[in-house]
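Hi,

Here is the structure I said I would pass on. Have a look, and my notes follow below.

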Amino acid sequence: MRLAIGFLLLAASVVESQPAPSARDRAVAERVLRTVPLVDGHNDLPWAIRNAAAAPRDVEAYDLRKTTPGHTDLARLAAGRVGGQFWSVYIPGTIRDSGFARVQLEQIDIARRVIARYPDRLRFATTAAEVRAAFAAGRIGSLLGMEGGHAIENSLGALRAFYDAGVRYMTLTHNQTLDWADAATDSARRGGLTPFGREVVREMNRLGMLVDLSHVAPSVMSQALDVSEAPVIFSHSGARGLADHPRNVPDSILARLPRNGGVVMVTFVPGFVSARLVAWTRQRAARAAELRRDAAGDTAAVRRGLEAWVAANPAPKATLADVADHVEHVRRIAGADHVGIGGDFDGIDTVVEGLEDVSKYPGLFAELARRGWTEADLRKLAGENILRVMRTAERVSARLRRERAPSTATIERLDRAPGRTTGTP
């Protein structure tokens, strides 16, 4: 244990000793972000509004013209040079009070009302051209992204209805394995994508809805790349080659992105981007298991023991340099055409030092400029890559809509017919 802690302290000292970006680096970042829309792949503001302590679900009360209690408001979006935003219309995969679709519609409603409330700053968008037009008009092109295929309740008709409501990507799973797809942080019971899962991907291609592979198991990543005729995205993930967390993207998948044309939008989740924090979290879990084993059911003793361990071994901090390392790793393996930004603001409880809220994006671009990134590559990272992905998906959709009608497939017919063996029901 002492060796592990010593390694963490040494790694932290190396991070702290890195030089700061120069005035020239900051000027490069500003120039890039003034000329191309910075499109972030994932912001959970609608969920923050739903759960606001003072006035839950009240879009008017959660006033973005003032400083909000979360990570996002209009002043900080402007300071961060945000030009396009996928607002995540997330719903948990563990809702018990009703079906998922009702809550999903409520979240879409919250997001649409937020966008409509600030027409001088936000503009609803469903295409790459509309994002660019909004940016040219001084607005933030505001897109919707669904986080978790549980919301469609195994229905391609529901998928199409969500597309018609403005949703332009869907994360195939959230944290729970579905009837048709394995999640990264749950047990693998489906062998990746079932036949119905593959049909979901095909229908998303036909609609023009981006296939988002954040949160899914590597088997689903691989099989979706086999099936998809359009570029995929990872709306908020890191590189597993740097931080071995199951939510991150393996190098083997990164290496396949150039052929597909997709993009990994690097996240700012501390526990995904800091290898030191990943190691600490595993050590904490191991200590908790030891305490439970020795405490003979005394939960208070386990809690006290774990609190003492954390006090003696405080969690390391994730830094802006960690995020920059992930961006560079994706570029090194997949190429400069296949990396973007997906902060996950308002969906995280702790933040990266230097990337505490939506005002901080220029600092990341200045750091990359310090590391030698060209303005051309910084423009790709900011928004050109994801806008290219969107345009390509739109063209694929136009072709597929000419070639085939909406799918009438059902999970009962594809996965549950007699003789099918597509995983544990």
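First, a definition: on a 1 Å grid over the protein atoms alone, a cavity is a set of points where a 1.4 Å probe fits but cannot get out, a pocket is an open set with protein on both sides within 12 Å along at least five of seven lines, and lining residues have an atom within 4 Å of a point. Volumes are the space filled by probe spheres set on the points, with grid points joined across faces, edges and corners.

Bear in mind that this is a predicted model, where local features need pLDDT of at least 70 and side-chain atom pairs count only at pLDDT 80 or more, while totals for chains, interfaces and linings use all residues. Numbering runs from 1 along each chain as its sequence is written, and side-chain values use heavy atoms, with hydrogens and water left out.

Cavities first. Searching the whole structure turns up two of 30 Å³ or more. The largest has a volume of about 40 Å³, and its lining is Met204, Asn205, Gly208, Met209, Leu210, Val211, Ala230, Pro231, Ala393 and Val396. At least two of the lining residues come from each of α8 (195-207), β6 (210-212) and α17; helices (H or I, at least four residues) and strands (E, at least two) are DSSP runs, numbered from the N terminus. By class, that lining has eight nonpolar, two polar and no charged residues (Ala, Val, Leu, Ile, Met, Phe, Trp, Tyr, Cys and Pro count as nonpolar, Asp, Glu, Lys and Arg as charged, and the others, Gly among them, as polar).

The second largest cavity, at about 30 Å³, is lined by Leu45, Pro46, Trp87, Ala111, Val114 and Ile115. Helix α5 gives the largest share of this lining, three residues, and the class count is six nonpolar, no polar and no charged.

Now for an open site: the second largest pocket has a volume of about 330 Å³. It has 16 lining residues, and the closest to its centre are Asp44, His174, Asp344, Gly347 and Ile348. Its lining splits into five nonpolar, five polar and six charged residues.

One helix pair as well: α6 (residues 128-136) and α17 (residues 375-403) pack at about 140 degrees, with axes 8 Å apart (axes are lines fitted to C-alpha atoms, for helices over the stretch in contact, and angles run from 0 to 180 degrees between N-to-C directions). Ala128, Val131 and Arg132 of α6 make the contact (heavy atoms within 4.5 Å) with Glu384, Leu387, Met390, Arg391 and Glu394 of α17.

Cheers
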